[in-house]
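Dear colleague,

I am passing on the structure we spoke about, and my notes on it follow below. Please read them with the model open beside you.

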Amino acid sequence: ESMARMKSEPILKLLQKALKDCVEKRKMDSARLYVFDAQPQRGFFVKSLRKHSRGNYGITKSPRNMFMIRVREMPLEEYFHRIYIY
């Protein structure tokens, strides 16, 4: 049995947090929310030292990434159109 983390776990947490923030802070209707835009972005590099032979050191750079989503609330007219007409 693998104890590894799912690859989609950070994305799912981000979507759940966005839904919670929209409903609680901005008082939006959760049924009318949808992801308008999703963009992966390059983040910063975390630098660390790595020891080589003969007392030499090297700098290793580990890239970090960010994922930005934009959430929108569907207008009521479009929402009812999608529910009752489609």
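Starting from the N terminus, the elements of the chain follow the order α-β-β-α, which amounts to two helices and two strands. Please keep in mind that this is a predicted model.

As for overall shape, the C-alpha trace spans about 75 × 35 × 25 Å along its principal axes. The radius of gyration of the chain is 21 Å, whereas a compact globule of 86 residues would have one near 12 Å.

I then looked at the pockets, and the largest pocket has a volume of about 170 Å³. Helix H1 (9-24) and strand E2 (57-73) are the elements that each give two or more residues to its lining, and E2 provides the largest share, with five residues. The residues that line this pocket are Leu14, Lys17, Ala18, Asp21, Phe67, Met68, Ile69, Arg70 and Val71; sorted by class, the lining has six nonpolar and three charged residues, and no polar ones.

Turning to the surface, there is a nonpolar patch formed by Met6, Ile11, Leu12, Leu15, Val35 and Phe67, which together have about 480 Å² of accessible area. The largest share of this patch, three residues, comes from H1, while Met6 lies in the segment before that helix.

With best regards

Note on methods
Residues are numbered from 1 along each chain as its sequence is written. This is a predicted model: local features need pLDDT of at least 70, side-chain atom pairs count only at pLDDT 80 or more; totals for chains, interfaces and linings use all residues. Side-chain values use heavy atoms; hydrogens and water are left out. On a 1 Å grid over the protein atoms alone, a cavity is a set of points where a 1.4 Å probe fits but cannot get out, and a pocket is an open set with protein on both sides within 12 Å along at least five of seven lines; lining residues have an atom within 4 Å of a point. Grid points are joined across faces, edges and corners, and a volume is the space filled by probe spheres set on the points. Helices (H or I, at least four residues) and strands (E, at least two) are DSSP runs, numbered from the N terminus. Ala, Val, Leu, Ile, Met, Phe, Trp, Tyr, Cys and Pro count as nonpolar, Asp, Glu, Lys and Arg as charged, and the others, Gly among them, as polar. Patches are made of residues with over 30% relative accessible area and no salt bridge: like charges are joined within 9 Å, nonpolar side chains (Val, Leu, Ile, Met, Phe, Trp, Tyr) within 5 Å. Accessible areas come from the Shrake-Rupley method with a 1.4 Å probe; for residues, only the protein chains shown count as cover. A salt bridge is a side-chain nitrogen of Lys or Arg within 4 Å of a carboxyl oxygen of Asp or Glu. The radius of gyration is taken over C-alpha atoms; the globule rule is 2.2 Å times the number of residues to the power 0.38.
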